[in-house]
2 protein chains.
Amino acid sequence: MVLANERSFQICARPSLMISDNDPRSSPVLDYLKQLHHTHAEFTGGEVATYIPELAKADPNWFAICLVTPDGQVYEVGDSKQQFTIQSISKPFVYGMALEDNTRSEVLAKIGMEPTGDAFNAISLESDTGRPRNPMINAGAIAAAGLVAGKSMSTRLQRILDTFSLYAGRELTVDEGVYSSESTTGHRNRAIGHMLRNFDIVDGDPTPIVDLYFKQCSISVNCRDLGIMAATLANHGVNPVTGKRAIRGEYVESVLSVMGSCGMYDYAGEWLYRVGMPAKSGVAGGIMAVLPGQLGIGIFSPPLDERGNSVRGIKVCDDFSRHFNLHLFNSPHANKAVIRLQYDGSQINSNRVRGDDEVFELRKSGRSIRVYQLQGNLVFSTAEVLVREIMSDLEDKKFVILDLKRTLEVNESACRLFHQLLLKLSAIGITLIFTHTSRAPMLRRYMKLKLGDRAAELYHAFDDNDPALEWCENKLLSELLPGYQSEYQLAPEQYELFQGLTPDEFTIIKGRLLLKTYRKGSVLVNTGDKALELFIVSKGSVSVVVTLASGSQKRLATFSSGMAFGEMALIDNATRSAIVVAETEVECHVLTVETFDALDDDHPHIKIVLLRNLAHSLSTKLRKVNREVSIFDY
Amino acid sequence: MVLANERSFQICARPSLMISDNDPRSSPVLDYLKQLHHTHAEFTGGEVATYIPELAKADPNWFAICLVTPDGQVYEVGDSKQQFTIQSISKPFVYGMALEDNTRSEVLAKIGMEPTGDAFNAISLESDTGRPRNPMINAGAIAAAGLVAGKSMSTRLQRILDTFSLYAGRELTVDEGVYSSESTTGHRNRAIGHMLRNFDIVDGDPTPIVDLYFKQCSISVNCRDLGIMAATLANHGVNPVTGKRAIRGEYVESVLSVMGSCGMYDYAGEWLYRVGMPAKSGVAGGIMAVLPGQLGIGIFSPPLDERGNSVRGIKVCDDFSRHFNLHLFNSPHANKAVIRLQYDGSQINSNRVRGDDEVFELRKSGRSIRVYQLQGNLVFSTAEVLVREIMSDLEDKKFVILDLKRTLEVNESACRLFHQLLLKLSAIGITLIFTHTSRAPMLRRYMKLKLGDRAAELYHAFDDNDPALEWCENKLLSELLPGYQSEYQLAPEQYELFQGLTPDEFTIIKGRLLLKTYRKGSVLVNTGDKALELFIVSKGSVSVVVTLASGSQKRLATFSSGMAFGEMALIDNATRSAIVVAETEVECHVLTVETFDALDDDHPHIKIVLLRNLAHSLSTKLRKVNREVSIFDY
C-alpha cells in the first residue's frame, strides 16, 4: 500500500485548484468542492453493498459532498438531496444518547472503548465479561440501543428519531423498505443480540432491541443531513443551522473519542494517520467526519471498499484534509499572543480629566496599576502563559486588571487558574480586577462558588476598563496625595481657561458669564445641537458620552470643577458630536458664542488668551489620544 | 471498570485545588502540580517491571511530573532528575527518523498503522505480508530501527542519540547496565527480528538491528527530558527550550497519529476516551503525552499496571486532563472573530492630510475601499469565514485590503483560498491588497509561484495599512476628480492658516514669513527639540513619524502644500514629540515663535485669526483621531 500523494508542506507538491467557470461571484470554497467532486466522480472502483437486497438498488454514480461550518454555513455539491439510510453512522449518535440516559459507569460496564483491529462485522466481545469492545462495532451498537431510555420500544424509537432530527435540523423517518429488508436478513445481528443477552449486557428479550437497532440503521438521511450532523458534533452538540442542542456538551468529547479510535473499522489507524479527523462510515455509502471546533463533512457515494467504507468518501476526505492541512494534530500554537497588549496607569489613564497634581502623581506612581488586555480563547495553555507573565512582574504592583473584552471563550480551566491567582495576589496585597466580565459568564459563578463569603471582598469586576482604571486611580491617589478628594470646587479665577488674564480682564470676563445648574442625570448637550455655548464646570462633574458603532456607550471624558468643555463645536462651527450628561448635581459657568465673538473687537487681548488656552487644551487632548493610539497601536 | 470521576462541566463536580503554602510568589500551575504529586504519591498499586533484572532495581517511590509549554516554560515536581531508561517511549521518535530517512511509501510498506487491541508484547504481524501492524509494538519498532539511515550500526546509533539529544536539549547516552541486561534476556525480540527477516521487513542479518533496538530502549533520560521531548512534538518538532529542530515539521503529525491510535497498547482507546492526548509509555515507568500546539507532559513512576503502563502516570494524566479540560476533542471554536474589525475608506483615511475637496470625495466614495483587519490563526476554517464575508459584500467595491498585522499564522490552506479569492476578485475588477505581509512569509512565495508572470500585476502587498490606503485613495481620486494630482502647489493666500485675514493683514503676515528649503529625506524637526517655529508647506510634502513602543515607525501624518505643522509644541511650549521628514524636495514658509508672539500687541486681530485657525486645525485632527478611536474601539 502506497500513498498516492505524500502529505507535505512543500508548495509545489500540491495539485492546483481549477477555478470553476460558473458564477464569478461564487465562493472559492464551493468552487473547490465542485472541483473535488468532478475529479472523483470519474472514479469507478468499489462495490455497492449487497448484503441487504434494498441497498443493492443504489446507483453507484450517486455522489455528493457537503461541508458545514460551526457557524452554520452549508456548502453542498452533487446529489446532496438523494436519500439513503444512515446505517452504522447512527452508532455514535445512539452511543451519545446511551451516555445521556444512564450514568457513565453503567454505560462503560456494558460497552468498552478499545479498537479491535477487526473487520466491521466481527463480533468482538471481551472473552471474560462478554462486553463488546467498543460502540462502533455492531455488538456495541446493539448494546447502546439497549441503553436508550423509554418505556416501550416505540417511545425509544421516537427518542432516537427526535434526537437524530435535532442533529439534522429536519424531521427524519425510517425507510420502511430498508428496515424490512434488514429485518428479514439480519440473523447475524440477532445472534449478537442473544450473545449479549447471554452475558447480561442487554436485559430481557434481545429481539426487540435488535429490531430497534435495525430501525435506527434504516433512518433515511441525505448528504446535507450528514454534513449538518457532523457540524453539530464539531459545534459542541449544538446544531449550527438551527441553533438547537442535540446532545449535552459534556458527552460530545466521548462520542468523538470512540469515532476517533474505532469509527472506521480496521481502517481506523490509517484514517487517523492520513485524514486525521474522527469519522464514521455506513454501508449505504455515507461518511461523516468531524474536525472539532472547525467543520463537519458529509459524503455520500455507495460503492464500498473491502472494509465497508465508501471508496469515493475516503478519497475525498483524504484529498480535502491534505489540501487544507485539516489533520487534527496539525494545530497551530494555542498560546501565542494571549496578551494582546499591556500597559500601566502611568501610560494610560481613565477618562476622568484630572488636575495637574493628580496627573503628575499618576504619571509618577501609575506603574502600580497594570492592565493586561487579553484576546482569543482562554484555556489552560493560554491562561498559563498569562499567569506566568503576571507572576513574573509583581514588583511595586498594587492593582492587576485583566481586560476580557477581546476574549472569545474563558473556560473552566482558565477560571481555576484565575481563582488561584486571585488568592495568591490577595495574600501579598495586590488587588486582581476583571473587566468586561460579560465575556466570561462562568468566571463570576466560579469565583462566587469558590470564594463564598469572601467573594464580595475579593472578587472585583467591572463592565469596562475605564471605571476600573478610575477606581484604581482614586484608591491610589487617596493613598498618595494628602487630603485628596475626588470631588472639589474651584473658584472661577482658578479656571484653566482664564489663566494668563490680568485681574482687570478677569473681572470683565467674569461679568459676562452665566451661571446654570443641572440636576443629576440631565443632558447638558445633545448630539446634533447647534453649538451656542462654551461650558466650564463650577461644581460637580459631567461626562462626555458617545455611542459606538457596536451600539454600546463609551465615556470619552469626565470633567470636574474648573474644566471647560464644548469648545470644539464652538471653534469649528460644527454641531455637537456627543452628549454631555451631569454625573452629579452640576453648576456650570457658560460663555455664549455671542459674548465670545464680541471679544474680538471689545477686548482682543482677552480673546487671544482664551483662544490660546483653548488651543492648549485641545493640544493636551490630542497628545493624550495620540499617546493612547501609539500604545494601543491599532 | 468504573471511572472514579465523571468528566463533567459542572463546577461542583471538580475537586478543589489546595494552595501550596510554600512561596507566595510561586506559580499557581506549579502549586497545582505539587498538589497532584502529593495526592498520587501516597498511592501504592502496581508492580515495578521485572522482566529485565536491571529494571527491577527501580525504587517504586520514585515519582516525578514535568509540564513543558510550547514556548519553553518547564514546570517540574518530584524526582525529575532521576535517570531511567526510555524503553518504548523511544518508539515514536525512531519512527519519525524512519520517515525522515526514507520515502513515506517505503516506510508504510514495512510498518502499518492500525491498532491491534493486543497487549504490548504481542507480535502482531499481518498474516499475509508479515508487516507489523504498527510502529508502537515491538515488531514495528524493530522494523523502524532497521529503517534509520547510517553506514554502520554505530553511525545509526549515533544518529539516534543525536536526534534524541535534540529532542531533550541535552546530550543523552545509553545506560550500559540496562542495555546488557536487555541484551541478555531479549530472546522474544530476537525471535521477532527473525520473523521480520523471514518476511523481508528487515534486510540482512536481523541481530544487529535488534541490538540497535535494545540500545535505543536503553537510552537514559529523566522526567524533565520526557517533558521537553513531548513539548518538542507539541511545538511542531522544534525543541521549545533550545529552539533547535529535532524532526522535520511534516512528520510530526504522523508520529502523533501513531501515538494517538496505538501509543498505549491495549489501553489506547480508553486513553483517548479519558485523557484525549497522543501518548507513549515505557516499562521503566515513563509516560509522555502531547497536546498539539499546547503542551507536553512527562511523568515517571516505575510501578506498572497489567498492561505495562505506569499506574501513577495514568492517574496523573487522567486527573490533569479532567481538571483542565485538556482533551483533544474539546477544542474551542476556531473560526470565531477572525475579522477583528472592518471599515471602509469613508470612515478611515490614510494619514496623508488632504484638501477639502479630496476629503469630501473620499467621504462620499470611500466605501469602495474595504479594509478587513484580521486576527488569530488563518487556517482553512478561519479563511473560509473571511472569504465568505468578502464575497457577500462586493457591491460597489473597488479595493479589498486584508490587514494581516494581528494574525499569528497564515498557513498554506489560507494561502490557497486567498489565491482563489484574488483571481475571482480580479476577474470582476476588484483589487485585492495584503498589508503587513511580513506576518505571512508563505503567502508571498505561494502567490509568486501560482501567479507566475502575472504576479507583478495582480499581487499587491504593503508593509503597512497607511501606504496601502493612500495608494487606493490616490487611484480612486484620480478616477473621480478631473485633473486630480497628488502633488500640487498652493499660493500663500490659499493657506488654511491665513483664511479670514483681510488683504492688508495678509500682506503684513506674509512679509514676516521666512522661506526655507529642504532636501528630500532631510529632517525638519527632531524629537526633543525646543519648538521655535511653525511651518507651512509651500511645495512638496513632509511626514510626521513617531517610533512606537514596539520599535517600529509609524507615519502620523503627511502634509502637502498649504498645510501647517509644528503648531502643538508652539502652543503648549513642550518640546517636539515626533520627527518630521521631507518626503520630497520641500519648500516651507516658517513663522517663528517671536514673530507669532509679537502679534499680540502689534496686530491682535491677526493673532486672533491665526489662533482660531490653529484651534480649528487641532479640532479637526482631534475629531479625526476620535472617529478612528471609536471605530477601532480598543
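Here are legends for several close-up views of this predicted model. Residues count from 1 along each chain as its sequence is written, while chains are lettered from A and ligands numbered from 1 in written order. Local features need pLDDT of at least 70, side-chain atom pairs count only at pLDDT 80 or more, and totals for chains, interfaces and linings use all residues; side-chain values use heavy atoms, leaving out hydrogens and water.

**View 1. Chain A is divided into three domains.** Domain 1 covers 7-268 + 287-314, domain 2 covers 339-480 and domain 3 covers 492-632. These bounds come from an automatic or database domain assignment. Taken over C-alpha atoms, the centres of domain 1 and domain 2 of chain A are 47 Å apart.

**View 2. An antiparallel open sheet in chain A has the strand order E2-E1-E7-E6-E5.** Strands (E, at least two residues) and helices (H or I, at least four) are DSSP runs numbered from the N terminus, and two strands pair if DSSP finds at least two bridges between them. At the edges you will find strand E2 (74-78) and strand E5 (279-281) of chain A, each pairing on one side only. From one strand to the next, the twist averages 10°. Follow strand E6 (residues 286-291) to its antiparallel neighbour, strand E7 (residues 295-300), in chain A: 6 bridges join them. Here A:Leu291 stands opposite A:Leu295 in E7(A). Helix H9 (residues 223-234) of chain A packs on this sheet, touching strand E1 (64-68), E2, E6 and E7. The direction of H9 makes about 155° with that of E7(A). Such angles run from 0 to 180 degrees between N-to-C directions, with axes as lines fitted to C-alpha atoms, for helices over the stretch in contact.

**View 3. A mixed open sheet in chain A runs in the order E8-E9-E10-E11-E12.** Strand E8 (339-344) and strand E12 (460-462) of chain A each have a single partner strand, so one side of each is left without a neighbour in the sheet. The twist averages 20° from one strand to the next. E8(A) is antiparallel to strand E9 (residues 369-378) of chain A, and 5 bridges join the two. Look for A:Gln342, which stands opposite A:Tyr372 in E9(A). Helix H18 (residues 465-480) of chain A lies across E8, E9, E10, E11 and E12, at about 170° to E10(A).

**View 4. A:Phe418 and B:Phe418 have the most contacts inside the largest nonpolar core, which has 287 residues.** A nonpolar core is a set of buried Ala, Val, Leu, Ile, Met, Phe, Trp, Tyr and Cys residues joined through side-chain atoms within 4.5 Å. Buried means under 20% relative accessible area, exposed over 50%, and partly exposed in between, using a 1.4 Å probe and protein chains only. Beyond four places in sequence, the residues that A:Phe418 touches include A:Leu378, A:Leu402, A:Phe434 and A:Met447. Contact means heavy atoms within 4.5 Å.

**View 5. B:Ser183 sits in helix H6 (residues 176-185) of chain B.** B:Ser183 is buried, with a relative accessible area of 19%. Leaving aside neighbours within four places in sequence, B:Ser183 is in contact with B:Arg190, B:Asp211 and B:Phe214.
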